Amino acid sequence: MKSRLVLLLVLLTLITTNLFAGGFQLNIRGAKAVAMGGAFTAIADDPSAVYWNAAGLSFLKGTNIMFSTHLVAPQTKFRGVSPYVDQYRSENRVFFPTHLFVSHTLNDKWAIGLGFTQPFGLGTTWDENWPGKYLAIETGLTTYVLSPVVSFRPIETLSISAGFLYGFANVKITRKSPLSSLFAEDAFVELEGNDNFAYGFNAGLMFKPVPVLSIGATYSSEIEYEFEGTATTIAPSQFSSQVPSGNITATLTTPQNIAAGIAVDVTKDLKLSAEYQYIGWSSYDTLAVDFENEAFIDIASPRLYNNSYIIRFGAYYRLNEQVGLMGGFYFDNMPVDPENLNPSLADSDRMGFSAGIDAQLFEKLKIVGSYLFISAEELTVDNSNQIYTLGGSKFNGTYNSIANIFSLSFIYSL
Amino acid sequence: MKIKIGLLTIILFSALFVISCDDFTEIDPPIQNGVSGSANFSRFVSIGNSITAGYQSGTIYESGQIYAYGNLIAKQVGVEFQAPYVSDPGLGGRMEVLSLSPFTLKNNSSSGSLLNSGYPAPYNNLGVPGALIYDVLFATNSTNCASAVFASTPNPYFDIILRNSVLNKGTQLQQALSLAPTFITLWIGNNDVLGYATSGAISPSSPTSATQFGQLFGGIAQGLSQYTSQTGAKVVVANIPNVSAIPFFTTVGPALATNPLIAWWQVALSQQASGLPATGLIYMSHEGGTNLGTLPYQVGFADSVSLRNTTTLVTLLGSSYAPLLGQQTGKYYRDNNLTIPLGVDTTKPFGFHPQNPFPDRYILDPNEITTANNAVTAYNSTIAGLTTNFNFGLVDMNTKFNQLRVADFTGGTVINGITFRTTYPTGGLFSLDAVHPSSQAHGIIANEFITVINAKYGAKIPLVDVAAIPGSIYFAGKIGYQNGYPIIPDNVFNHLLF
């Protein structure tokens, strides 16, 4: 019975593909962490600790399985191109990032865990005839990470962890390419690739000097993906020999993350937490596509992201033995200068507002539900480096993005 | 307890809802309500011919019409602009590129459909392909337009655009004024000289006379002036470009002159040896040619220098016969079902021998060019005088077109990173019919209008980003190819209106 449940959960996880938020890093893992604004590094008291801070595993008991699914509904509007104020909306898409975590305490000191997550992803689809059609039509990136971790608690108040990150990913980029300023017709370019083996590591620390105070810190390394795939181009037959196609390779490095947080039990029933997360976004400097065929000019789109940070706050209020309420807030600093913004990823300063509830429905089953609303600050770009014509026309305009995220987690304790 | 949880949840979620609703600010377009300075575009109408209609590559089609200069100006000032849209590929016979190398054209045999024929008022875009200056004042349908009255060729565009059987609103001018416009652009008269020039000065055999043009333009200007003095509406008029700045006339001659397959010096030597008074391309000439005494027709001579310098023009229609130069051929007469004229011997080298001359209708010789240029000068002087009298705005399109043409020889006209030339077919300024501006050239034309409007009326209309306008040339299916000149089948231009 148990094994069948696990199998079902694994299957559900695997069939969930192509799931992205308005951003490229999906910090949405586990309904409780989401409900507390992601200020969870110093708490990490459920199996999602495998991601948030594996050092927390040593403070758990027994064997726990956590299945977590999220409904992510991002929406981006663009008004422009300046001076025009025509409004374009990215296609409404709904994504279901799904994660699976297992934790097992071996003894007082050692605990192990396994997580299957989708830590990075993005997906935007614009109309194929919108003004930015040469910049982005469909952009999809999904990364999957399988991470075994081990946690060691040498003394009562401190534990440390280390883990391996095995990543695989797929990417799909479609856009149009102008043939020449003479012709009405465009070439339609589709790039697809995947990488089935990329790796990194993580490490964590949890320190509980006194029962009401917990301090956590984590590091998660870059993962360098080397995509291999194909480029397909559809163009009028008169141009077919001149448009790039064939095998391609591309490199993408997902950023390193450093997080440090603190959690305090203010009263017997109220826990508050705060956290600072540093993201090494400068790894995302170029989106380069190399054609195997030397005849075609390689594509290198500068992205020029900057290192960035997120500040998070969360609260957990225990109503009674069975039910708890949660709330959270975070501020996510825009990791790219406005002039370098590409419509495939409409970044901006973002604020997240979240709330949730957890309930110990049965002795062994806990359910957590949460809602997160992400509001990106309206961003007007007036000196874009993104050129959207064959000439020098700048892709200036105003972006508005929001996302609604509903999360549901089941935690089953054996 | 449960009530408490429910209440807390409701409060939390409604707080989130409030937050989620205020993330959108209004952005104002640069021009609001179509008013800038003393220019008011709230009811804007554009009177003209095929250029105004956005006719390209031999027809009107939506993806070209939406870039007609009137549409572009309307977009810049943020007003509605109704036009007689026809779904792609247009009303039939759109020229398309069959192959790039060698460059080969084909007519698209499909037709689109009328998309806006039910619009209950006159269109804002009252450009009628083929309209002469006479038509603005007098034509209400396909059978009383100038081409029907004077050349027995009804022009169906008058029915499609004026729709008088339903609207009953009269001529282009009457329809325009019936819209109670606040702003009017007028660009008419191009066809009064183009018909003459494109037919090699044959049909009609002369441009609309300066006197007649003066009377007709005067009539239009008076009508507009009367209206503007009552209403305060503004009028901006564009003048007429010289025909010699248009690739329809400037493509084939220089291509012939620089064709390495033609040994012009050998041609000249053999012509001198046979006692001819001049050398080069020999064409039949109905005015100003040389009477050799032995032939019942006159011939003209255009050496390679005059072809290259475009002092003698070969029209693009002559492109079909340019590859036959020097051959013993009567293909021109066969293709066009013409009787071989008395004195012509098609066994003589075509275009190099006075007895097998290049067809008159493909040549605009120096005399004919002068006739055309004089007409344009006279028209433009009438336009300049009357626009000053009536305080209309004047767009000097002739100077602009000449500048674009001159820039061909100095690297082209670079606009926001894209180089434009008048050259055919790669220059980017003209559509495949070599007479009508491309969508991007409409952007340049719109900017000429906007510059005049901004200066004259203290307006601040932003210029059109020409680089952001897409190309307007389409591809046809690909077939095999042959070597040589731009391959333009005889009939590709047959239905063309200007």
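**Helix packing, domains and chain contacts**

Helix 10 of chain B passes helix 16 of chain B in a right-handed crossing (the near helix is turned clockwise from the far one by less than a right angle; helices are DSSP runs of H or I with at least four residues, strands are runs of E with at least two, and both are numbered from the N terminus). The model is predicted: local features need pLDDT of at least 70, side-chain atom pairs count only at pLDDT 80 or more, and totals for chains, interfaces and linings use all residues. Residues are numbered from 1 along each chain as its sequence is written, and chains are lettered from A in the order in which they are written.

The axes of helix 10 (residues 210-231) and helix 16 (residues 366-389) of chain B come within 10 Å and cross at roughly 30° (axes are lines fitted to C-alpha atoms, for helices over the stretch in contact, and angles run from 0 to 180 degrees between N-to-C directions). Helix 10 of chain B is therefore roughly parallel to helix 16 of chain B, a term for angles under 35 degrees. Residues of helix 10 of chain B, including Phe213(B), Gly214(B) and Phe217(B), meet residues of helix 16 of chain B, among them Ala378(B), Tyr379(B) and Thr382(B). This contact has 9 nonpolar, 3 polar and no charged residues (Ala, Val, Leu, Ile, Met, Phe, Trp, Tyr, Cys and Pro count as nonpolar, Asp, Glu, Lys and Arg as charged, and the others, Gly among them, as polar).

Chain B is divided into domain 1 (35-244 + 367-493) and domain 2 (250-364), with bounds from an automatic or database domain assignment. The contact takes 18 residues from domain 1 and 20 residues from domain 2 of chain B (residues are in contact if their C-beta atoms, placed from the backbone, lie within 7 Å). On the side of domain 1 of chain B that touches domain 2, the largest share, 3 residues, comes from helix 16 of chain B.

An open sheet of 5 strands in chain B has the order 6-3-7-8-13, with parallel pairing (two strands pair if DSSP finds at least two bridges between them). Strand 6 (125-127) and strand 13 (393-395) of chain B stand at the edges with a single partner strand each, so one side of each is left without a neighbour in the sheet.

Between the chains, 32 residues of chain A are in contact with 35 residues of chain B. The side of chain A that touches chain B divides into 17 nonpolar, 12 polar and 3 charged residues.

Technical notes
Angles under 35 degrees count as roughly parallel, over 145 as roughly antiparallel, 65 to 115 as roughly perpendicular and the rest as oblique. Two residues are in contact if their C-beta atoms, placed from the backbone, lie within 7 Å.
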